[in-house]
Amino acid sequence: MAITFHFNRRRLAGALALGASLWASGAIAADDAFPNKPIRIIVPFTPGGVTDTSARLVAEHLGRRLNQQIVIDNKPGASGNIGMALAKAAPPDGYTWVMGFDGTMVINPHVFAKVGFDPINDYAPIGKIGDATLILVANPNVPAKNLQELIALSKKTPGGLSYGTSGTGSTPHIAGELFKIRSGAQLTHVPYKGGGQAMIDVMGGNIPLVYTAVAGAYNHVKSGKLKPMAVSSPQRASSLPDVPTFAESGVSDFNAASWVGFLAPAQTPAAIIQKLNAELNATLNDPVVRDKLRVLGIEATPGSPEAFRDEIRRDLGRYGPVVKAAGIQVE
């Protein structure tokens with residue numbers, strides 16, 4: 001009897017190990033009961049910004065598809081590093097995600113001496129939401145009608161022209177430094193603690209330029225309170241089709257579009273990731289959701305987790321030289 005008992009235990013242990021392996025690899029489909037409790041999405045920034053509002057928008061519609069509540073949990077601090085570190089440490093069960101943003105994922109690791117996370121190995125990408133177009137805008141009194149005139153003006157202005165952004169090491173800051181490298185424009189960065197005050201100052205004439213997301217500048221451009229110079233995406237923004245790109249304006253090899261997407265902690269079962277990716281893509285293909293994202297300046301880009309991971313890895317390598325050339329470092 002003892003021999004039979006030990007043999008069955010080994011068989012049971014082997015079966016359990018095989019089942020765990022198949023589950024982790026995604027060979028077994030995700031449990032139909034998943035999710036059976038609310039999902040938390042950590043947003044590493046304060047409420048109200050484009051990262052937060054786009055997360056809430058997609059979560060609202062995605063929650064309906066999953067038939068489960070999705071709760072937004074804002075955890076700001078250290079340019080997003082605090083929220084990312086919290087998400088990394090969460091249980092890998094599919095019930096905690098984080099809103100990934102290119103500034104946090106692929107710029108911060110070059111800017112900060114320590115970020116507290118590995119953008120490639122600490123997360124399992126669920127899927128990219130979309131690209132957020134950036135725009136360079138000017139106070140209406142700046143005597144330049146287009147980007148080439150602005151470049152010329154910067155070169156003959158003592159000390160160059162100042163441009164405001166939402167902070168040191170932010171995506172708009174990196175875009176401004178890339179603009180300097182590609183065009184030779186003489187610009188001085190003025191970091192703010194958020195994009196709102198930068199907007200107030202450029203409209204008030206305290207600074208001549210601001211680099212920001214299209215969503216933050218859209219209403220002011222439409223009302224004539226700000227003069228658009230160019231958008232930094234490869235194509236024109238659908239919400240501002242009359243504004244040229246940097247490439248169209250004579251600044252070649254320029255692409256500094258921002259992006260947002262959802263990630264889970266590393267080791268989240270592949271079957272759960274696949275299910276969430278399928279539902280996210282279905283949400284992003286909904287015309288209502290796509291139109292609402294466009295209002296925020298985001299073009300929906302449904303795709304695979306693998307494609308999202310590849311983009312993170314590619315951008316991580318692409319922005320490193322720009323940060324180094326600009327000498328941007330935060331201890």
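**Entry 1: S170**

I began with S170, which touches I107 and T165, leaving out residues up to four places away in sequence; contact here means heavy atoms within 4.5 Å. S170 sits in the loop between β6 (161–165) and α6. Is S170 buried or exposed? At 12% relative accessibility, S170 counts as buried. I noted the cut-offs: buried is under 20% relative accessible area, exposed is over 50%, and partly exposed is in between, with a 1.4 Å probe and protein chains only.

**Entry 2: ground rules**

This is a predicted model, in which local features need pLDDT of at least 70 and side-chain atom pairs count only at pLDDT 80 or more, while totals for chains, interfaces and linings use all residues. Residues are numbered from 1 along each chain as its sequence is written, and side-chain values use heavy atoms, with hydrogens and water left out.

**Entry 3: the whole chain**

I looked up 11 helices and 11 strands in the protein chain. These are DSSP runs numbered from the N terminus, helices being H or I of at least four residues and strands E of at least two. Along the principal axes, the C-alpha atoms fill a box of roughly 95 × 40 × 30 Å. Of the 331 residues, 50% count as buried. Among contacts between residues at least 6 apart in sequence, 79% join residues at least 24 apart.

**Entry 4: helix α4**

I107, a neighbour of S170, took me to helix α4 (residues 102–111). How many of the residues of α4 are buried? I found 8 of the 10, so the helix is largely enclosed by the rest of the structure. The buried ones are D102, G103, T104, M105, V106, I107, N108 and V111. Their cover includes α3 (81–88), β3 (96–101), β4 (123–132), α6, β10 and α11.

**Entry 5: α6 against α11**

Next I checked helix α6 (residues 171–183) and helix α11 (residues 305–326), whose axes come within 10 Å and cross at roughly 80°. The axes are lines fitted to C-alpha atoms over the stretch in contact, with angles from 0 to 180 degrees between N-to-C directions. That makes α6 roughly perpendicular to α11; under 35 degrees would be roughly parallel, over 145 roughly antiparallel, 65 to 115 is roughly perpendicular, and the rest is oblique. Helix α6 brings I174, E177, L178 and I181 to the contact, and α11 brings Y319, V322, V323, A325 and A326. By class I noted 8 nonpolar, no polar and 1 charged residues.

**Entry 6: rings**

How many aromatic pairs does a search of the whole structure find? It finds 8. Rings of Phe, Tyr and Trp (its six-membered ring) pair if their centres lie within 6.5 Å; planes under 30 degrees apart are stacked, over 60 edge-to-face, and the rest tilted. The centres of F179 and F246 are 5.1 Å apart with planes at 75°, so this pair is edge-to-face. F179 is in helix α6 and F246 in the loop between β9 (227–231) and β10 (258–265), 67 residues apart. Both F179 and F246 are buried.

Y211 and F246 are stacked, 6.0 Å centre to centre with 10° between the planes. Y211 lies in strand β8 (residues 209–213), so its pair with F246 ties together parts that are 35 residues apart in sequence. F179, Y211, F246 and F254 form one aromatic cluster.

Note on methods:
Ala, Val, Leu, Ile, Met, Phe, Trp, Tyr, Cys and Pro count as nonpolar, Asp, Glu, Lys and Arg as charged, and the others, Gly among them, as polar.
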